[in-house]
Amino acid sequence: MTAGDAAYLPSPRPAEPLEALTLELTGDVPDLVEARRWTGDILADLAEDEIIDAKLVVSELVTNAYEHGQHPLHLRLRRSPGLIRVEVTDLSPQIPVVDDSSVRATRGRGMLLVDRVCRQWGAVRHAVGKTVWALLSPHPNTVLSG
């Protein structure tokens, strides 16, 4: 995905409805420990590397919303067999982009990581704000309970 693609990607329609679980984001700084713990609890039946990938995506999307968005509202996880969808909603209309980061840069790689780890990602603008979403596919042998 290139820097401009996210704004134009429609949100994929799953074959089956996805169960949604939501964590409200409050405070002036992100509670990444809580967001990662909550994600790990929900996805506890997955393989360890799949949980790690999901926690990474959650951390990057929540951090991006706090640093570049306006007052993040919530983190949502949706699950169905073979699919994990991470969503973060905030009040900013600005769509994230994948930057070309220098190897020496200490920041600015969040969306690059999301782009590399996820099957697909994008953003949907709302009347006020946006939701950034990312899709992860668990390993084929993993059975998801929803």
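Contact means that heavy atoms lie within 4.5 Å of each other. The views below come from a predicted model.

**View 1. Methionine 111 sits in helix 3.** Leave aside the neighbours within four places in sequence. Methionine 111 then contacts Leu61, Asn64, Pro96, Val97, Val98 and Trp121. Take asparagine 64 from that list. Along the chain, asparagine 64 and methionine 111 are 47 residues apart. In space, their C-alpha atoms are 8.1 Å apart. Is methionine 111 buried or exposed? Its relative accessibility is 5%, so methionine 111 counts as buried. The cut-off for buried is under 20%.

**View 2. Serine 92 lies in the loop between strand 3 and helix 3.** Serine 92 has a relative accessible area of 4%, so this residue is buried. Which residues does serine 92 touch, not counting those up to four places away in sequence? They are His68, Gly69, Gln70, Gly129 and Lys130. The side chain of serine 92 also has a polar atom 3.1 Å from the backbone nitrogen of glutamine 94.

**View 3. Arginine 109 belongs to the loop between strand 3 (83-90) and helix 3 (110-117).** Its relative accessibility is 30%, so arginine 109 counts as partly exposed. That class runs between the 20% limit for buried and the 50% limit for exposed. Aspartate 99 is 10 residues from arginine 109 along the chain. The C-alpha atoms of the two residues are separated by 7.1 Å.

View 4. Strands of a sheet pair through backbone hydrogen bonds, in either a parallel or an antiparallel way.

**View 5. Strand 4 pairs with strand 5 (residues 130-136).** How many bridges join strand 4 to strand 5? There are 6, and the two strands run antiparallel. Look for glutamine 120, which stands opposite leucine 135 in strand 5.

Key. Residues are numbered from 1 along each chain as its sequence is written. This is a predicted model: local features need pLDDT of at least 70, side-chain atom pairs count only at pLDDT 80 or more; totals for chains, interfaces and linings use all residues. Side-chain values use heavy atoms; hydrogens and water are left out. Helices (H or I, at least four residues) and strands (E, at least two) are DSSP runs, numbered from the N terminus. Buried means under 20% relative accessible area, exposed over 50%, partly exposed in between (1.4 Å probe, protein chains only). Two strands pair if DSSP finds at least two bridges between them. A polar contact is a pair of N or O atoms within 3.5 Å; within protein, one must be able to donate a hydrogen and the other to accept it, and residues adjacent in sequence count only if both atoms are side-chain atoms.
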